[in-house]
Amino acid sequence: MRKGQYRFVAGFLLAPLALYLIFVIWPYVQTIGYSFTDWKGQSQTFSFVGLDNYKALFQDDVFMGAIWHNILFLVFIPVITILLALFFAFMVNAGGRGRAGGVQGVAGSGFYKIVYFFPQVLSLAIVAVLFGALYRSDSGGLLNGILIKLGLVDADNPIEWMNEPHLVLWCLMAVVVWHGVGFYLVLFSAAMQSVPRDIYEAALLDGASRTHTFFRVTLPLLWDTVQTAWVYLGIIAMDMFVLVSTMTQGTGYGGGPDHHSEVMANVMMRNFLYYGKSGYACAMGVIMLLLTLVLSVVTLRATRRERIEF
Amino acid sequence: MSAPITEPTKVGGAGVPPQRAVGKTPPRPGDRRSEGLTLNVFSHGFLVLWAVLIILPLLWLVLSSFKTDAQIGGSALGWPSHWQFDVFQRAWSKGIGDYFANTLIVLVFSVPLTMLLGSMAAYVLARYEFPGNRLVYYFFVGGAMFPVFLALVPLFFMVKRLDMLNTYQGLILVYVAYSMPFTVFFMHSFFRTLPTAVFEAAVLDGASHSRAFFQVMLPMAKPGLLSVGIFNVLGQWNQYILPSVLMQPQTSSDPERYVLTQGLIQLQQQQGYATDLPVLFAGVTIAMVPMLIVYLSFQRQVQAGLTSATLK
C-alpha cells in the first residue's frame with residue numbers, strides 16, 4: 001500500500017475510533033477496575049478493596065433476589081415469545097389453504113406483519129406509560145375495566161396488578177412479550193422465506209401434514225435464527241431496567257412491592273445514582289456482564305445442531 | 001451469519017402462485033382441504049386476536065386523552081364525552097414541546113454524524129488492506145455484545161470530566177459512539193458488495209481516495225445507508241437509559257434538557273401529585289405519531305434494518 005493510502009486510512013479511522021474508545025471501550029474497561037474499589041463517585045480518591053464489593057454482593061439480599069427475578073425472566077420470556085412468534089410466522093408464511101400446497105400465507109398476512117411489528121418501533125418509555133394505564137388498580141384501567149364488565153372481578157375490589165407480589169413479574173413479562181412478538185415474527189418470516197419452496201413441496205408430496213411439515217422441515221431449517229433470537233431475548237431478560245424502574249413502586253428506580261420486582265439493572269442504578277456507591281455498582285455491572293457471557297455461550301452450545309445447508 | 005438478511009418478500013409473504021400447486025394436489029384432496037379449513041379458522045382466530053391485542057390498547061390510550069380525569073378514573077370502557085383537541089395543546093405547552101425539540105436537536109446532529117463516521121470507518125475497514133484491519137473491525141463490532149449498563153458508571157464520570165453533562169453535544173457524541181458497532185457492521189458488509197470497477201475507474205480519472213469515497217462509493221451505498229439510517233433514528237429516538245443518566249440538570253440553575261422518552265416518564269411520575277392524565281395520554285399520542293409515520297412510510301426498510309441488526 002502506498003503512503004498516501006495509509007494517511008487516508010488513518011484519517012478516516014481517527015474520529016470514529018477516538019469517539020468509540022472514549023465513550024464505549026474505556027468505560028467498559030474502567031468498570032472492571034472500579035469494581036475492586038470503594039469509590040463513592042464524588043471524589044477521585046478511593047482505595048483498592050479487592051473482592052470486598054463482590055463479597056458484599058453475595059450478602060445483598062436485594063441483589064440476590066434481583067438475580068433470581070432475572071433468571072425467571074430468562075426462562076419465560078424467550079420461551080413464550082419464540083413460541084408465539086414461530087406460530088404466527090408459520091401461519092403468516094405457510095398457514096394458507098391446503099389447496100395451495102400449504103406453502104402460502106394466510107390471507108392478509110402482510111397486514112398482520114405490519115400490525116404485529118408496530119410495538120417494536122415504540123420506545124419502551126411509551127410502552128411503559130401505556131401499560132401503566134392498562135394495569136391501573138382501579139376500574140379506570142383497561143384490564144380491570146374489561147374484567148369487571150365481564151363480571152370476573154368485583155368492581156369494589158379490582159386487581160392490583162403491579163402491587164401484587166405474585167403478579168408483578170408476570171405483568172412485566174406480558175409487556176415484553178407484547179412488545180417483542182412482532183419483531184421475532186418478522187425475523188422468522190425472513191428465515192422461512194429463504195427456505196426453498198421445493199423442500200415444502202417435496203414434503204407435501206410425501207404426504208406430510210402441516211404440523212409434520214412444521215416440526216420436521218421448518219423448525220430444523222430455522223434453528224440458527226431461533227438460536228439468535230434466544231440470545232437476544234436473553235439479553236433483554238437480563239436488562240428490564242426501563243420497565244421495572246418506571247412501572248413498579250419503590251424508592252429509587254422501582255423494584256416493589258417489597259422488592260418483588262427488583263432486577264439487577266435497577267438495583268445497580270439505585271446504588272450508583274441514589275446511594276452513590278459507584279464501586280459497588282460497578283461490581284454489579286461486572287456480574288451482569290459475566291452472566292450475559294455465560295448465557296450466550298450456554299445458549300449457543302446447548303442449541304448447537306448440525307447445520308443444514310440449502 | 002454475517003450477511004444482512006434480504007428484505008422480507010413483499011406483502012403476501014410466500015407468493016407461490018396457487019395454480020402451480022393445483023396440478024400437484026396431494027393424494028387425498030378431501031382430507032387435506034378439511035384439515036386446511038379447520039386449521040385456517042383456528043389459526044386465523046389467533047392471528048386476529050393478537051392483532052386486536054396490539055391495536056386495542058393503543059387505540060384506547062389515544063381515546064383516553066379525550067376524556068376528563070374523572071372519566072378516566074371512573075370507567076375504562078366509557079366513550080369520551082367531548083372531543084376537544086385542546087388537551088394536545090396543553091400537553092405540548094406542558095413540556096412535550098420542549099422534550100420534542102430537545103430530541104430533535106440531538107438527532108439532527110447525532111444521526112448524520114453517526115452515518116458519516118460509521119460509514120467512513122466501515123469503508124476503510126472493508127476496502128483497504130492494512131495491518132490490524134481485522135482487529136479494529138472486531139473491536140468496533142464487539143461493542144454490541146456488552147450491555148450498556150456495564151459502562152454507565154464510568155461513562156457518567158467521563159462525560160462529567162469533559163464538562164458535557166446535561167448538554168446536547170455530550171449526548172450527541174455518546175449516541176454516535178454507541179451507534180458505532182451496528183453502523184460499522186452493517187455498512188462494512190454493504191461496502192464489500194459494491195463493485196470495485198467503478199471505484200477503479202474513478203481513481204483512474206484522477207479522483208483522490210476521499211473523493212472516490214464521497215462522490216462514488218457513498219452514493220452507491222444509498223440503500224444500505226437508508227436501512228441503517230432508519231435503524232439509528234429509531235434507536236436514538238427511543239433511547240432512555242443514556243439520557244436518563246447523562247441529561248439531568250446538575251445545578252438548580254441548569255436548564256432541563258430532557259428528551260422525549262425521559263419527559264414522558266417524568267410526566268407519568270408527576271401524576272402521583274397532580275392528576276392530569278389526559279395530558280399524559282396526549283403526550284404519549286404526540287410521541288407516537290412520528291414513529292407511526294416513519295414506520296408506515298419505511299415499513300420494509302424498518303423491518304429489514306432491525307432484522308439484520310439481530311442477525312449478526
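A: Read along the sequence, chain B runs α-α-α-α-α-α-α-α-α-α-α-α-α-α. That pattern comes from 14 helices and 0 strands. Keep in mind that this is a predicted model.

Now take chain B as a whole. It has 312 residues, and 53% of them are buried. Its accessible surface comes to about 14000 Å². Carbon and sulfur atoms hold 66% of that surface. Next, look at the contacts in chain B with a separation of 6 or more. Of these, 75% join residues 24 or more positions apart.

Chain B is divided into two parts. Domain 1 covers 34–73, and domain 2 covers 91–311. Nine is the number to remember for their contact: 9 residues come from domain 1 of chain B and 9 residues from domain 2 of chain B. Taken over C-alpha atoms, the centres of the two domains are 33 Å apart.

How much area do domain 1 of chain B and domain 2 of chain B bury between them? The figure is about 730 Å², with 77% of it on carbon and sulfur atoms. Now look at the domain 1 side. There, B:Leu61, B:Ser65 and B:Asp69 supply 59% of the area that domain 1 buries against domain 2.

Which elements of chain B give two or more residues to the side of domain 1 that touches domain 2? They are helix H2 (29–64) and helix H3 (69–74). The largest share of that side, 4 residues, comes from H2(B).

Finally, find a spot where chain B meets chain A. Start from A:Val24, in helix H1 (residues 3–34) of chain A. Leave aside its neighbours within four places in sequence. A:Val24 is then in contact with A:Leu19, B:Ala177 and B:Tyr178. Is A:Val24 buried or exposed? A:Val24 has a relative accessible area of 2%, so it counts as buried; the cut-off for buried is under 20%. For a sense of distance, compare A:Val24 with A:Gln249. They are 225 residues apart in sequence and 31 Å apart in space, C-alpha to C-alpha.

How values were computed. Residues numbered from 1 in each chain as written. Chains lettered and ligands numbered in written order. Predicted model: local features only at pLDDT ≥ 70, side-chain atom pairs only at ≥ 80, totals over all residues. Heavy atoms only, no water. Buried < 20%, exposed > 50% of the residue type's maximum accessible area, 1.4 Å probe, protein only. Contact = heavy atoms within 4.5 Å. Areas by Shrake-Rupley, 256 points an atom, 1.4 Å probe, with all protein chains shown as cover. Domains from an automatic or database assignment. Buried area = accessible area lost by both parts, 1.4 Å probe.
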